[in-house]
Amino acid sequence: MPTIEPLQPSAAWNQFAAEESDWDAADPALLETITVQMHLIRAFEEQVLELAGQKLINGPAHSSIGQEAGAVGSAIPLTTADQINGSHRGHHQFLAKALNAVAPDGFRLGADWTPDVVTVLYRTLAEIAGLSDGYCHGRGGSMHLQWKEIGAMGTNAIVGGAVPFATGFAKAHQLAGTNAVAVTYFGDGASNIGSTLEALNIAAAWKLPIVFFIENNHYAVSTTDDESTAEARLSVRGLGFGIPSWRVDGQDALAVKLVMDEVLAHVRTGQGPAVVEADTYRYFHQNGPFPGSAFGYRSKEEEASWRDRDPLQMAERHLERLDIADREQLDALRRACKQLMRELAGRITEPDPDGRPGQLRIRPELWPPASFIDVGIRGDWPEIDPARVRTGLDFADDELATARFVDVIAAVMHRRMETDDRVLVLGEDVHKLNGGSRGATKGLPQDFPGRVLGTPIAEAGFTGLGGGIALDGRFYPVVELMYADFIWVAADQIFNQIGRARHMFGGDHDMAMLMRLKIGTTTGYGSQHSMDPAGVLSTSVGWRIIAPSTAVDYVGLLNAAMLTGDPVAVLEHDADLYKLEGPAPTDLDYVLPFGRAAVRREGSEVTLISYLSMVQRCLDAVEQSGVDGEVIDLRWLDRASIDWDTITESVRKTNRVVIVEQGAQGTSYGGWLAGEIGRRLFDWLDAPVLRVQGGEAAPSISKALETAANANTDDIVAALNELKG
C-alpha cells in the first residue's frame with residue numbers, strides 16, 4: 001500500500017481580527033487620525049462621483065467608497081521612504097499615502113485644514129479631472145496617480161500590471177541596504193493574473209521587502225470571486241510561494257493598521273515578503289455613481305449588509321464609546337469634509353455660458369495646452385564630454401584588437417559595472433553557464449557578486465521588476481531576454497508599463513534602463529525563437545532602439561544608450577554576429593553620437609538602408625551587382641532617434657531607395673520607414689521605395705525552409721538589378 005503523508009505549507013496563514021480591547025488600548029490621536037482621513041477620502045470620492053455625474057470627468061471614475069479602511073489603516077505605518085503602487089481603483093490609497101506625508105503628526109477632530117492638506121486634495125482632484133495642476137499635469141487622470149517624491153509611485157489601469165514594478169522598488173530598497181518596503185495594492189481580479197503570480201514567486205525567491213496587499217472586494221467588474229477561483233480567500237496565493245499571509249477585516253481600519261504593524265515588522269527585518277488580504281466591498285459599480293444592483297449582478301440586500309458594516313461608522317462608534325468624540329463633533333467633521341471638497345470643486349469649475357441653467361464646465365484656463373501632448377515622452381539627449389565622442393569610423397589600427405562580437409558585449413558591460421555600481425544585470429541564466437546562454441555576461445557574476453541576478457523563467461515578472469528599478473531611479477537595470485520573441489510574453493510590461501511610464505505620469509521623471517534582445521534568425525531554433533523585434537518595438541512610444549552591426553558600434557552605442565534617461569532596447573544578432581571575429585576597440589568608454597547613422601559605403605545610384613547583420617549583406621550585394629550603392633547603417637531605429645539628415649542627404653543624391661531587413665513581413669520595420677521616406681522625400685524619388693525582407697511565415701526548423709524564410713544577399717542583388725532594369 002502506498003504511504004500518504006499530509007504536507008504542510010512552509011509559511012503561516014492567519015486570520016487577523018481586532019477586538020474591542022484593541023480599540024480601547026489604541027492611542028486616541030491615532031483613532032482621530034484614522035477617522036478624519038477616512039472622512040476626507042469619502043468626501044473626496046463623493047465629489048468625484050458628483051463631477052462624473054455631471055460629465056465633467058473624462059473617462060472612468062473608479063471610486064473606492066466602502067474601501068477606505070484598508071487604505072488608511074495600511075498607509076499610516078508607512079514612511080515617505082516606503083513606496084506604494086496600485087490599480088485603477090487607487091484614489092484612496094494615493095490619498096492616504098499623500099495625507100500621511102504632509103501631516104505626519106496626524107489629524108485632529110475640529111482642527112483647521114492645513115494648506116498642505118488642501119493642496120493634496122486639490123491636486124488629486126485636478127489630476128482626476130485631467131488638468132495641468134494635477135500631479136501628472138492631467139495626463140494620468142483617475143487611473144494614473146503618481147507623486148514619486150513621497151513614495152506614491154503610480155496607480156495603473158492594467159489589472160495586475162503594476163505588481164511587477166513593486167518588486168523592482170523592493171529590490172532597490174534591498175540593494176540600497178535600507179529598511180524601506182514596497183506595498184503593491186491590487187484586487188481580486190489581479191490575484192489571478194500571471195504577472196502577479198510571477199511577482200509573488202520572484203519576491204519570495206529573493207526575499208524582497210514587499211507587501212502584496214489584496215483588496216478583495218469580491219467583484220472583478222461583475223464577476224464574483226467564487227466564479228473566478230476555487231478558493232475565494234485570496235491570501236492563499238501566498239502559501240503557494242512560501243509567503244506568510246494574513247487575512248483581515250477590511251472594514252476595520254484599526255485591524256488593518258495593527259496587522260500592517262505585524263507585517264512590516266516581518267518585512268523590514270529581512271524576512272522576505274508578506275501577503276495581506278483585506279476583506280472589503282465597493283459600494284458602487286466598477287466605475288461611476290451607480291450601485292452594482294443597478295446592473296443586476298448584486299442584490300440590494302447584499303449591498304445593505306455591507307453598508308451596515310461601513311468603515312466610517314465603525315470608527316465613529318468606537319470614538320463615541322471611548323468619549324473621544326460625540327455625535328455633534330462627528331457630524332461637524334462630515335460637514336467640514338464635504339464643504340472643503342465643494343470649495344475645491346469650485347476652484348476647477350464655473351457656470352457653462354453655453355449650457356442650461358446650473359450646468360457647469362471645467363475652467364478653460366486649467367486645461368493643459370495642446371502643445372503639451374508629446375512633451376516628456378522621452379528625455380533630451382544628455383550633454384557629453386566631446387572628448388568621449390567618436391564616430392565609430394575613426395579608429396586607428398593600434399586602437400583595435402581582434403575579438404569575438406559576444407566577448408565585446410561582455411567586456412563593455414564589465415566596464416560599465418566597474419565604473420558605475422548602480423548597474424545591475426538580470427535575466428535567465430545570466431549568472432551561470434560561463435556567461436549565460438551565449439557568453440554575453442562572461443565574468444560578470446564573479447566580479448560583481450549580488451549585481452548579476454539569475455531570474456526564474458518569468459519574462460513579465462523580471463522585466464517588470466527591471467521597470468520598477470528604473471522608475472525608482474537609484475539603480476540602472478540591464479534586462480536580458482534570451483530571445484527577442486519573448487517580448488510577447490512580457491508585452492504588458494514592455495509596452496504598457498515601461499514604455500509609457502514617463503509620459504503617462506507627466507513626463508517629469510527618467511525611466512533609464514537597458515533591455516538586451518537576442519535575435520535568433522539562422523540559428524535553427526524555428527518559429528518561436530527567430531523574430532526580429534525592430535518593427536514591433538518601433539511602434540511603441542517611449543523606447544529607444546539601437547542596432548549595432550559591428551563590435552566597435554556596440555561599445556559606442558551601448559555607452560550612449562546608458563547615458564540617456566530612457567528605456568533602450570539593444571538588438572543583437574546571435575548566429576550572424578555573436579561568433580564573428582573582427583576589429584574590437586581597446587577603449588571601452590567612448591560614445592557614438594546620439595541619433596546618428598553611419599554611411600558604410602558611399603555611392604551615387606541607390607541608397608540602401610539597413611541595420612545589424614544585413615548591413616554587411618548590403619555591402620556584399622553592391623559589390624556583386626555592380627550598382628554604385630550608398631549603404632547606410634541606421635544604428636538608431638526608434639522614430640525619435642532615426643537620422644533623417646543622413647538619409648535625406650543620400651536620397652537627394654541617389655534618388656532611389658532600397659530598405660533591407662532580414663525578418664518576416666508581418667513584423668517588418670521597413671514598412672513604416674518606407675512610408676515615411678515617401679512622405680518626407682517624395683520630390684527626390686525617381687522610383688518607388690523597394691523593400692527586401694523575409695517571407696510571410698516565420699522561419700522553420702528545416703535548414704532549407706529557414707534559408708527561404710529569411711532575406712539574404714541574393715534578394716538584395718535582385719532588388720538592385722530591378723532598379724537597374
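What is the disulfide count? It comes to 0, where a disulfide is a pair of cysteine sulfur atoms within 2.5 Å.

## What you're looking at

This is a predicted model, where local features need pLDDT of at least 70 and side-chain atom pairs count only at pLDDT 80 or more, while totals for chains, interfaces and linings use all residues. Numbering runs from 1 along each chain as its sequence is written, and side-chain values use heavy atoms, with hydrogens and water left out.

## Overall build

The protein has 24 helices and 24 strands (DSSP runs numbered from the N terminus: H or I of at least four residues for helices, E of at least two for strands). Its C-alpha trace spans about 95 × 80 × 55 Å along the principal axes.

A compact globule of 725 residues would have a radius of gyration near 27 Å, and the protein's 29 Å agrees with that (taken over C-alpha atoms; the rule is 2.2 Å times the number of residues to the power 0.38).

## Inside and contacts

Of the 725 residues, 61% count as buried. Now take contacts (heavy atoms within 4.5 Å) between residues at least 6 apart in sequence: 78% of them join residues at least 24 apart.

Conventions: Buried means under 20% relative accessible area, exposed over 50%, partly exposed in between (1.4 Å probe, protein chains only).
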